[in-house]
Structure formats: structure tokens, C-alpha cells
Amino acid sequence: MDDWGRPLQKVVIVGGGAAGWMSAAALSAVLKPPYEIRLVESDEIGIIGVGEATIPPIRLFNSLARIDEADFLKATQGSFKLGIEFVDWGRRGERYFHGFGSVGREKLWPVDFSQYWLRMRALGRALPLDAYAICNSAARAGRFMLPRPEMQNSPLNAINYAYHFDASLYAQALRRLSEARGVRRTEGKVVNALLHEQAGPRQGQVRAVQMQGGELIEGDLFLDCSGFQALLIEKALATGHEDWSHWLPCDRAVAVPSEPAGPLLPYTRATAHRAGWQWRIPLQHRVGNGHVYASGHVSDDEAADLLLRHLDGRPLAEPRIIRFRTGMRRQAWSRNVVAIGLAAGFVEPLESTALHLIQMGIGDLIERFPHAGFDALEIAEYNQRSRARYESVRDFVMLHYHLNQRDDSPFWRACAAMDIPAPLRRRMRLYESSGRLVYGDGDEFREASWLEVMEGQNLRPRAWLPLAELQGADDTAAYLKGISDTIAQCVAAMPSHEEFVRHYCAAARR
């Protein structure tokens, strides 16, 4: 039978957790009968659950899935995130902020804001970057409010934010939502995948997955959300894996929750250590903590001990070791299988991109949702976009490691000396030459993000673009002062983050 143009009907999601239930929630919001969505997961298989911090596009996903923001934050013990504070990454004793949103204002004169700021800094007439970014300034002050779209000429319209939340609670909330929309959940372990063997257009595709009890679950389209196991995309279809450990040397994490301590901060903190870094993610009911490290430079016991010694509050569980390998699947979509989440690839959580990559994989699939004939050109386009996205995140995370001036351990010296990919080297050289910031089609981070990290880790341009000098120095200084003064006034009028959460989305006490 010719499947070209025939709608497929049965979508089978293998694996739960954030990847599986995000997929189920998004697809169930879009697909209507006769489509059927079935999710298979086992309660005996734990989820990784490392990522509890996100970046702003998660709001678009929640909107697509028709999730109410306040209800979602209550259900997941969530809080708001305006960016990430990096401690000891350039040199020990230094810290900087990578905030969401813009820095300065949209281009009013011939060149970007950053060019005028570079010139004024050289003349001693500019404040640090944070003063010109509403999200950075609000985060530093521990304040938050939702953006005010009606105030078009105010920085309050430019507030951009994401969330901190309990990933396990998020998956549970998505499960309830998905099942209410008709998604069928099957409990149990998948032990095998059966392929179509008969010659024809379906030959080599996955026909069904076999459960531990013997049940066969057939489908037309399979989503592999089985995590690092990659049960379908790798074990069944052998698509191959591209290893990036020579660029991103950390291969383990130890995680532990702790009691809340101090005010509820609207940002994540990433603190560099001798052979890796530590995350701190504040939730309403606890703080998520973890130490990402290179096992070739520090033992598991040493890594766990270091993490426990740097907690702000009492630990609430025993430390848990997570082993991982950075890299990506050579094909995220092969035949009738699409890998989502860890099955597709993994870049360590330094810039909170794990859930974002899940979200974008799902979004790309919905954008080119297939018929039963599976167009090879659409599959190739999906894989190309997936590769560009993973490589973009890889390069941005790699920038943090490579652009360090620490000389206190072999780990950091090796990171500074590593041979980096050509696109990343080109970005760094352009900025170092003239402060030029570039943005490509596959980039997941905008120019402001690259500016904040390169400046935060002490990459300094030798010059700025000549058109930045067309405006007089006094006028340019007044322009910068107007921005920083307005932002300071807006921040002073905001409530504290803790107060905002208490009134908007406080979860029931446990």
C-alpha cells in the first residue's frame, strides 16, 4: 500500500519524564481524533531530573500546551528567573551576570548600543553593563514583576523571564493535563523494538515496541524519550552518536536538594570550582544544587564533599551521582522515530538549555508533522535544524570554559588551551577586533547574551566601529545616562521577587 499522503494515526511516546510528558502535552494540544497518542513509561526507571532552570522560550511552550502560568508555578513550587550569575569563571573572585532580554535600547543611531558603551567605557563615562539591562538590574536587587506591554517606551515592557521549577512536579502536572486530553499511559518496561521486515516503503521502520510482559504496542510514529538509553533511535536503528567530550570535558554531576536559605532570588547561580562548577536553583520549597565535574580531575567522593560544603542550607537527601556524555545523535529523526531530549543529545546544563532543546525538538516536529509516507526532505530539514541548534548551544557553553584566565588547576588550563570550533573562534575574533556581535540563523542565544558572557569573562575589544564616533561624546554619555537612570527608577518601583511570588503563585506548604 502506498502511504504517501495518508495521515498517520498512532503516535507512541517511549519514556516519560519531562521529555515524554512535554511531548504528550504539546501533541495533545494540537492533534485531534483520529490521532491517538500513547505514552509508555515505567515507574521503576527514574528520571534524570537535573534541569530545574529554564530560558524564556519555555513560556511559548507552556502557551502552546495551554498551561496557565500561575497554576503551573503553584503545582511545581516554581519561581521566576531573570538570568544567571556566574561566579569565579573568568578569574577567581570575579562575578558577572548573563541576564535575559536586551542591553541598552534598540538601535537608534547607526550602530548597536554596545558600540557606544564600549567607546564611553574607554572614556571612563559608562557604568557596568548591568546598569543598562532591566533584567540584570532587577535580579541584582532581588526584585521582579511581569512585563507591562502597555508601557511601550518603558524598560518595564522589556522584562524577559523564565522559571525555576521542580522538573518531577512539572512532569506530573503535564501528565495530568495530557491524560485529561485523551493521552493513554501504559505502565511498564520496553524490552525490544520490532521493525517492519517486509520489502516496501515501511521496511526498516519501527513496527511496535514489546513490553516486558509480552504486549506489543504498535504505532505509526514513535518518539524516543527514553533518555540516555536511546532505546529506539540508537539501540533499534543504530543512528550513531557524535561525542563532544573533547570540547566539553565534564562527564558527571552530583545533585542534592537543600533547605531554603536567605531570600528567594530571581536568578540561577553557577559557581566555578577546581574541576567543574556548582549550580544553585531557588524554588519555593527548597534549593536545587548540583556539582558538574570532570571525573578525570576529581573523584566522585571529592565532588560530593565539595558540593555539601558549599550548600546554603541543610541537605534534604543523599547526594546522587549522574553520569553523562556530551554530544548528539547523528540523526535525531530516523525513519519513523524522532528522538526528543537526552535520547537526541546532551549539552550540560550550564545555560539551562535541557528543557529548551526538548521544546524546540517538539516544536520542529509539529511544524513538519508527517504523513504516513514520511517525506525524506522534511526529515533531512529537521535533522539539519536540530544539528544547528545543538551546535549553537554547544559553542555558547564552550565559550564559558575556554574564555577563562584561571591558573589554579590543570582542568581550567586545559579548557583555556583547547582547540575550539571555527565558528566560535570567528565570533571571539570579531568581538576582540571591533566589538562586533554576530547572529546567525541557527543561533539559540542573541547578541546580548554573547556580549554579556564575553565581557563578563574579560574578552576586551581593541577598538569599536568608527560610526560610534559620529555622535558627540557628551550626547552619547547623556544617552547612556538616560537609559541607566530610567532602569534604576523602574527597579526601585518593583516588588521583591519573594513578595511577588507570595501574591501571584505561592504553592501550598508541604
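A disulfide here means a pair of cysteine sulfur atoms within 2.5 Å, and the structure holds 0 of them. Keep in mind that this is a predicted model, where local features need pLDDT of at least 70 and side-chain atom pairs count only at pLDDT 80 or more, while totals for chains, interfaces and linings use all residues. Residues are numbered from 1 along each chain as its sequence is written, and side-chain values use heavy atoms, with hydrogens and water left out.

Cys135 is also buried, at a relative accessible area of 1%; buried means under 20% relative accessible area, exposed means over 50%, and partly exposed is in between, with a 1.4 Å probe and protein chains only. Then there's Cys505, whose closest cysteine sulfur is the one in Cys135, 17 Å away and so too far for a bond. Cys505 is buried too, with a relative accessible area of 0%.

Now for the backbone. Pro33 and Pro34 are joined by a cis peptide bond, with omega at about 20°. Pro34 sits in the loop between α1 (17–30) and β2 (36–41). Those element names come from DSSP runs, numbered from the N terminus: helices are H or I with at least four residues, and strands are E with at least two.

Positive phi values turn up in loops as well. Arg66 isn't a glycine, yet its phi is positive, about 60°; look for Arg66 in the loop between α2 (58–64) and α3 (69–76). Asp88, another residue other than glycine, has a positive phi near 70°. You'll find Asp88 in the loop between β4 (83–87) and β5 (95–99), and its relative accessible area of 15% makes it buried.

Last stop: Ser226, in the loop between β11 (221–224) and β12 (241–243). Why does Ser226 count as buried? Because its relative accessibility is 12%. The side chain of Ser226 reaches the backbone nitrogen of Ala230 at 3.2 Å. That is a polar contact, i.e. a pair of N or O atoms within 3.5 Å; within protein, one must be able to donate a hydrogen and the other to accept it, and residues adjacent in sequence count only if both atoms are side-chain atoms. Leaving aside residues up to four places away in sequence, Ser226 touches Val14, Leu231 and Ala343, where contact means heavy atoms within 4.5 Å.
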